[in-house]
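Subject: Structure handover

Hello,

I am passing this structure on to you. Please look it over first; my notes on what was found in it follow below.

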Amino acid sequence: MKRKELWISLAALIVVMALGTPAALWEFDEVLFAHAVAHYDPLAHHPPPPGYPVFIFVAQIVRRVAPSNFAALVSVNFAASAIGFVFLALAFGRIAGQAAGILAALLFYLSPSMLVHSTLAMSEPGAVALLAAALYFLPVSDSVCGPASAGRPAEAGPHTSPAAFGFFAALAVGWRPQFAIFVLPMLVASMFVARTWRDRAIALIVFTVVCVAWLIPLASAVGGLERLIPFERQQAMIVAAHDADVSRSGWTPATIARTFIVDPWGPALIAWPVLLAIGVGVTRVWRDPRAAPILIGGAAYLAFALAVMDPADSVRYAIPFMLAAALPAAMGIAHLRPNQTYAIAALFGAASIIYSSSLLVQRSTSMPPALMAARDIESRTTPDAVILYELPLWPHATYWLSGRRLFRPDDGLQRFFDSKAPMWLYADGDSDVSGSRQFSWAASDAYSALTRNHYRVVTTIPVPPERRFRPLAGVRAFEREVDGDEWRWLDQDAALQLPSLGATAVLLRLGLPQAAPFADNVVTVTSDRSPLGRVRVVRGGQTRVTLPLPAGASILRFHSDRAYRPAMVAGSLNRDPRRLGVRLHELVLQP
Amino acid sequence: MSRERVAIALAAIFILIRCWTALPPRFQSDEQKSFGAALLTFDPYGHQPPPPSYPVYVAAGRLLHFFIRRPLPTLLALSVGSALAGFVLFSIAFGRLLRAPWIGIAAALALYVSPPVRYLSSHTAAEPLAFALLAAALLFWLRGEDVSFAIALALAIGVRPQLCVAVIAWLVTASVLRPAWRGLVAFVATLAISFEPVVAGVGIDRLQYFVANAIAAERLRSVSGSLSAVLHAFVVEPWGMGTLVVFAAAALGLAGALIRREKALFPLAAFTVAHLLFAVAAGTRIESVRPFVPALIGISLFAAAAVPAKWRLS
């Protein structure tokens with residue numbers, strides 16, 4: 001192996017990763033992992049399902065010397081990415097040649113997706129490193145193509161080891177169980193290309209034993225095997241209902257394919273040359289049995305991702321596929337430009353950094369908006385304040401505001417809508433409400449393409465008594481755009497309870513989105529049983545109206561003349577099954 | 001190390017010190033602030049940076065920003081670093097063009113010590129990087145590397161699109177002297193790649209409106225300036241009272257090059273003349289002498305070319 005080039009590449013990667021290391025917890029799963037390092041409790045989603053036993057075990061060990069849960073997780077992933085790079089370069093170097101192996105590892109680790117994710121407190125970097133180690137020890141001959149040429153066993157390469165292969169493959173699954181979608185097909189394929197029956201048996205036995213070894217603590221943590229299976233089944237049902245269905249609202253198959261295959265490599269200028277190289281490389285590698293387990297694992301994973309996974313998370317979910325695709329990409333480049341592999345790697349890395357730098361610089365030089373907003377709540381509010389948190393900020397609220405009175409918005413409103421206790425909403429997105437404080441990072445293409453596009457703007461919003469109500473029926477949860485537009489959908493018939501403030505009028509702002517299937521809607525508003533007025537709302541617009549309230553009015557009812565279910569609209573890609581009448585953007589009681 | 005290299009290194013240190021002492025503590029204008037903000041959010045349609053969007057300049061800034069982390073130091077480092085690189089490359093290229101290394105160094109030094117170039121080299125501006133790329137292009141052309149030459153020229157347009165007319169004049173003249181189809185293909189491809197982020201950022205459907213709007217805004221900005229004032233500044237500012245002498249020497253040098261049919265000088269002559277005409281016709285009046293500054297490259301060279309051959313130390 002070209003040691004000098006490998007170490008120079010590794011040094012460059014370490015510098016880039018060090019400069020891109022985040023300053024604090026940021027994404028949803030990161031915070032859940034930090035919770036888990038403090039206390040491993042899969043049933044409480046610490047960590048999120050399906051459990052990540054090996055990852056949390058290692059992070060808890062590192063936590064003994066690391067100053068914080070976050071530092072422990074990031075340290076593990078930083079080291080894992082550096083080690084994974086070396087294993088990947090060596091593993092791919094066995095198949096593609098030394099320079100192409102380093103190029104493949106650089107293409108993978110310098111891709112925009114990995115620049116963002118290799119130092120996050122997520123489970124992918126470690127699982128990738130273990131997968132790379134498994135590939136390095138893949139028990140297939142270096143010298144003879146095929147499991148047995150002319151009836152004789154092939155010779156083992158210097159680094160093949162069925163035991164190590166099975167060990168690291170099992171650890172990869174234990175580290176991030178979703179990697180089973182890659183590892184199991186790879187394992188099956190490796191059985192076909194393994195040198196001897198003895199190798200196959202060793203790999204399978206070690207894989208099984210190690211899987212059982214990490215499964216036992218996971219089962220124990222959820223209360224035994226009998227509870228583990230329903231726990232995992234429930235998660236699978238959530239994936240089927242959410243990731244594979246509702247989350248695909250508005251996505252065509254082509255856009256889903258693009259978001260899993262193209263976007264992780266960056267914008268079109270970077271991605272399409274890489275995809276072209278992958279195409280060229282596939283024609284050169286597909287007959288090589290040493291590459292078969294990698295390509296089959298990658299293809300199976302991609303097929304599963306396209307069919308089932310949430311496209312909003314596509315760039316992160318595509319990482320195993322990218323790992324497999326880096327091999328043919330490097331082989332394609334090495335075929336087209338054999339003397340310029342390192343120059344192309346440098347150019348690719350520079351382009352990736354240019355694309356991602358806005359996000360990477362902001363997250364490594366400034367605290368995430370979610371943390372700043374949590375600190376704002378800490379400093380602005382008294383301990384008796386009721387803190388409502390939106391669902392995307394559930395982990396953040398429970399981690400950073402753990403001593404406060406925390407509630408989901410509707411739960412908090414149910415209990416405190418008629419209370420004088422100060423109330424604040426911890427919101428993922430902007431708000432126009434007076435007294436709100438916004439914390440944000442600058443927008444960029446990279447942020448919207450490489451992340452789930454949450455937490456770029458986080459706002460602390462006061463909820464004074466005149467803006468509170470108790471949802472009774474047909475009032476859906478808060479929804480919010482990053483630009484500050486916020487609403488609750490009302491069913492065709494909806495009702496809510498007003499606080500006893502002695503209000504004489506109520507200001508309502510109702511709206512209908514551009515995507516509504518009718519041009520307008522008329523909403524009849526009644527208080528208890530006396531009509532207050534009828535409000536016409538046109539598609540794409542909002543109507544603000546102030547209606548008088550009779551003395552002592554406590555219940556407000558809404559009846560929309562029309563309603564629709566987005567999932568039932570002909571030709572719509574929306575999979576939302578709810579029945580929707582009109583949006584309630586604002587409700588303010590007036591004295 | 002040769003004496004010429006020592007001289008170039010010393011002159012580069014001199015330029016570095018001059019730039020360093022002129023670095024501003026903060027952005028000096030809304031346009032400069034907009035470049036700083038573009039390092040985080042590249043929004044050409046929202047005039048961040050202002051039209052014509054300077055895509056390669058922003059890309060270079062973003063790359064450096066990843067390492068330096070703060071917008072103002074990033075863009076200042078880009079300007080100063082580019083100025084040093086540009087000076088070194090122009091020194092070598094001018095020396096080879098004139099077959100007189102010392103005269104080449106003197107011409108490049110004259111260019112970089114002129115107040116307008118010094119100002120741009122120590123502030124947030126696209127010109128220093130564009131100059132460095134033009135210097136690299138010149139050197140590539142002299143070495144017969146036509147593809148690299150064309151790529152460098154295209155990147156210079158991507159850095160400062162206002163150079164497009166002059167650069168195309170340079171490329172056409174160079175191509176007439178030494179046809180290179182691969183170079184032309186590389187030029188077009190690099191230009192397309194450079195401006196793809198602008199087209200993507202603006203959107204195909206809004207592109208026409210964006211361009212028309214940008215031109216109209218530029219005309220409105222120019223209303224408050226006058227051509228005569230700008231021309232007056234141009235004949236006073238570059239080298240103070242000596243400017244007219246340098247201009248006269250440049251005219252002599254250009255005439256001499258044409259008479260002696262020194263074809264290697266023709267592309268830069270085309271660049272200079274085309275840029276002067278473009279700046280007179282379309283340069284933003286409100287920016288005073290700035291639109292004319294790229295022409296100082298050729299003026300420095302041709303003023304040096306006026307030095308009699310017998311005085312040129314080899």
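Two residues are in contact if their C-beta atoms, placed from the backbone, lie within 7 Å. By that rule, and leaving aside neighbours within four places in sequence, L153(B) is in contact with A137(B), V167(B), W170(B), L171(B) and F187(B).

Some conventions first. The model is predicted, and local features need pLDDT of at least 70, side-chain atom pairs count only at pLDDT 80 or more, while totals for chains, interfaces and linings use all residues. Residues are numbered from 1 along each chain as its sequence is written, and chains are lettered from A and ligands numbered from 1 in the order in which they are written.

Confidence in chain A

The pLDDT is the predictor's confidence in each residue, from 0 to 100. Chain A has a mean pLDDT of 92, and 97% of its residues reach 70 or more. Residues 144-154 of chain A have a pLDDT below 50, and beyond near neighbours in sequence this stretch has 20 contacts in the model. Where pLDDT is low, the predicted coordinates should not be read in detail.

Chain B overall

Helices (H or I, at least four residues) and strands (E, at least two) are DSSP runs, numbered from the N terminus. Chain B has 15 helices and zero strands. The C-alpha trace of chain B spans about 60 × 45 × 45 Å along its principal axes. The radius of gyration is taken over C-alpha atoms, and the globule rule is 2.2 Å times the number of residues to the power 0.38. For 314 residues a compact globule would have a radius of gyration near 20 Å, and the 19 Å of chain B agrees with this.

A residue is buried if 20 or more other C-beta atoms lie within 10 Å of its own, exposed if 12 or fewer, and partly exposed in between, with C-beta atoms placed from the backbone. Of the 314 residues in chain B, 50% are buried. Among contacts in chain B between residues at least 6 apart in sequence, 73% join residues at least 24 apart.

One example is P267(B), in helix 14 (residues 266-282) of chain B. P267(B) counts as buried because 26 other C-beta atoms lie within 10 Å. Not counting residues up to four places away in sequence, P267(B) touches W170(B), T173(B) and A174(B). The C-alpha atoms of P267(B) and V167(B) are 9.2 Å apart, although 100 residues separate them along the chain.

Where the chains meet, and the core

In all, 14 residues of chain A are in contact with 12 residues of chain B. On the chain A side, helix 17 (residues 341-365) gives the most, with nine residues. That side has nine nonpolar, five polar and no charged residues. Here Ala, Val, Leu, Ile, Met, Phe, Trp, Tyr, Cys and Pro count as nonpolar, Asp, Glu, Lys and Arg as charged, and the others, Gly among them, as polar.

A nonpolar core is a set of buried Ala, Val, Leu, Ile, Met, Phe, Trp, Tyr and Cys residues joined through C-beta atoms within 7 Å. The largest one holds 295 residues, and those that touch the most other members are A104(A), L107(A), A172(A), L327(A), A330(A), L153(B) and A156(B). Helix 4 (residues 69-96) of chain A supplies the largest share of this core, 16 residues.

Strands of chain A

Two strands pair if DSSP finds at least two bridges between them. Strand 14 (residues 555-560) of chain A runs antiparallel to strand 9 (residues 486-497) of chain A, joined by five bridges. L496(A) has L556(A) in strand 14 as its bridge partner. Five bridges also join strand 14 to strand 11 (residues 520-527) of chain A, again antiparallel. Strand 11 pairs in the antiparallel sense with strand 12 (residues 530-538) of chain A over eight bridges. T526(A) stands opposite R557(A) in strand 14 and opposite P531(A) in strand 12. Strands 11 and 12 of chain A form a hairpin with two residues between them, and D528(A) in the turn has a positive phi of about 50°.

Backbone details

In chain B, the peptide bond from Q48(B) to P49(B) is cis, with omega near 10°, and the bond from P51(B) to P52(B) is cis, with omega near 5°. P49(B) is in the loop between helix 2 (30-38) and helix 3 (55-68) of chain B, and P52(B) lies in the loop between helix 2 and helix 3 of chain B.

Regards
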